[in-house]
Amino acid sequence: MLLIKRTCSNFHRINTIPKTKQPGDTLGVRGWIKNVRKLKNNIFLDINDGSTAEKFQIVLPKNEATKNITAGSLVKAIGKVQLAPHGHYELHAEEVNMIADGHLTEGFPFSPKQQHAPEYVRDYLHLRSRNDVVAATMRLRHKAQKALHDFMDHNDFVQINTPVLTTNDCEGAGEVFTVHPDSKELLKQMSRPGIEMEHSYFDSKVYLTVSGQLHLESMSYGLGNTYCLGPAFRAENCKSPLHLSEFYMFEAELVYLDHIKQLCTFIEQMLKQTTKQLLDHNSTDLEFCQKKNSGEIMQFDWLNNAWPILSYKEALEIIVQNKKKFKTAITPSEGFSKEQELYLVDHCKSPVFVVNWPADQKPFYMKQSREDSSLVHALDLLMPTVGELCGGSLRECDEEILRNHPQLPQGLEWYLELRKFGGLPTGGFGMGFERYLQLLTGVKNIRDVISFPRYPHSCKM
């Protein structure tokens, strides 16, 4: 084992070294050895500490204490920073200590020099943060959340922590998970007359949330513009690369909205500014992910162009006129397939908003058109590669129209009271956060942009 002669509190994350240090400075680094190259007099270690996709080189003398060092081990090294011939910083180590043996030959699933398929990496959720692509994606996920929070804070929104446990199925689709204690003994202890034992803990049926929207609305009626970013759950028997059973939804509610185009403008500005912030400050990870996933650096031409707005009727006419180009059937009563969504994006050569949808395709809370009651003021935002990214609407602010809606779920008297007691016109949208990450990185499968994916037949860890 390598012995360290003295301690150093001046340890640095690798990504900070080029920003804070100069050649000749003394510092320490810690990380996993990705590669070892042994020459006549020196050993070169490529290490990574999770802070960047780039490897950092350590140069150390070849001797009895260092000759048996191996890839996979966790080490810390102290020395002087120098500029390597290729222009990158490297550490000329004076002291090295192995913190932990990597045991690569004893079942570690990832070979340092081998590329691994996403499906293979996904089988080892507990270890996959050691995979360079996964690590870069998780760093981008963090920065994308921060960029969204920065944008909303700058625009005077209040973040709301909406509940995970709820009594409402916001979308009314029935794709919900129910929640109750696993202990039958506890349920018996809490049982009350007239309430099913299964529901005795809360005295009613409770679900994992499918959306924070209704709760956001209630907060917006007193606070103004609000938003949330939290988990949502859908019990769908779907294994597509765009669906998860547990995912994260970014949702916003805007007050005093009178026209659906106002909501389109806000969404467009939010996505453009957030994406530009990531391109400006996180290009290394972004380009690394894009090259690994799509083979090239992606060009986001849509950042500089205005996004068109089509009515549902106009979009449907485009699809019908080109029906011979589709493998999927055209079903006007069910909206557009992903293939058709991507065709509309390609047809417009831009992301595109589709607005003013048939009321029978959308949930009860969407505002009915006063000119044509068969339509609601709803929007879908269609983007390259992922299809639908955002869905939203103006909210119905008329209590009587809501009360008489045939799809109004039971138990939402409180939702009607929002309109009764000083109601105001609002509108909002939801964005699948993982789909946004797919759009940015080129990751094909949504399971690879979330740390612990949950989907039918899979809930590991």
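Buried residues have under 20% relative accessible area, exposed residues over 50%, and partly exposed residues lie in between (1.4 Å probe, protein chains only). By that scale M461, at 61% relative accessibility, is exposed.

This report describes a predicted model, in which local features need pLDDT of at least 70, side-chain atom pairs count only at pLDDT 80 or more, and totals for chains, interfaces and linings use all residues. Residues are numbered from 1 along each chain as its sequence is written, and side-chain values use heavy atoms, with hydrogens and water left out.

**Overall build**

The chain has 461 residues, of which 49% count as buried. Its secondary structure comes to twelve helices and 15 strands; helices (H or I, at least four residues) and strands (E, at least two) are DSSP runs, numbered from the N terminus. Taken along the principal axes, the C-alpha atoms fill a box of roughly 85 × 60 × 45 Å. A contact means heavy atoms within 4.5 Å. Among contacts in the chain with a separation of 6 or more, 67% are between residues 24 or more positions apart.

**Nonpolar cores**

A nonpolar core is a set of buried Ala, Val, Leu, Ile, Met, Phe, Trp, Tyr and Cys residues joined through side-chain atoms within 4.5 Å. The largest one holds 57 residues, and M270, L271 and Y436 touch the most other members. Helix 6 (residues 260–281) gives this core its largest share, eight residues. Leaving out residues up to four places away in sequence, L271 touches W307, L381, L389, C390, M431 and Y436. A second, separate core has 33 residues, including L214, A315, L412 and L416.

F250 belongs to strand 10 (residues 246–255) and is buried, at 0% relative accessibility. Beyond its neighbours within four places in sequence, F250 is in contact with L148, M152, Y227, C228, L229, M270, F429, G430 and M431. H103 is 147 residues from F250 along the chain, and the C-alpha atoms of the two are separated by 41 Å.

**Helices 8 and 9**

How do helix 8 and helix 9 cross? The axes of helix 8 (residues 312–321) and helix 9 (residues 338–348) come within 10 Å and cross at roughly 100°. Axes here are lines fitted to C-alpha atoms, for helices over the stretch in contact, and angles run from 0 to 180 degrees between N-to-C directions. Angles under 35 degrees count as roughly parallel, over 145 as roughly antiparallel, 65 to 115 as roughly perpendicular and the rest as oblique. Helix 8 and helix 9 are therefore roughly perpendicular to each other.

At this crossing, A315, I318 and I319 of helix 8 meet Q340, Y343, L344 and H347 of helix 9. By class, the contact has five nonpolar, two polar and no charged residues. In this classing Ala, Val, Leu, Ile, Met, Phe, Trp, Tyr, Cys and Pro are nonpolar, Asp, Glu, Lys and Arg are charged, and the others, Gly among them, are polar.

Helix 9 has Q340, E341, Y343, L344 and V345 as its buried residues. Their cover includes helix 8, strand 12 (352–358), strand 13 (375–383) and strand 14 (387–394).

**Backbone and loops**

K349 follows helix 9 and sits in the loop between helix 9 and strand 12. K349 is exposed, with a relative accessible area of 72%. M461 lies in the segment after helix 12 (433–441).

N305 is found in the loop between helix 7 (283–294) and strand 11 (309–311). At 35% relative accessibility, N305 is partly exposed. Not counting residues up to four places away in sequence, N305 touches E268 and K272. P332 is 27 residues from N305 along the chain, with 29 Å between their C-alpha atoms.

**Cysteines**

A disulfide is a covalent bond between the sulfur atoms of two cysteines. The criterion used is a pair of cysteine sulfur atoms within 2.5 Å. A search of the whole structure finds zero disulfides. C390 is in no disulfide either, and its nearest cysteine sulfur, that of C264, is 10 Å away. C348 is partly exposed at 21% relative accessibility, whereas C390 is buried, with a relative accessible area of 0%.
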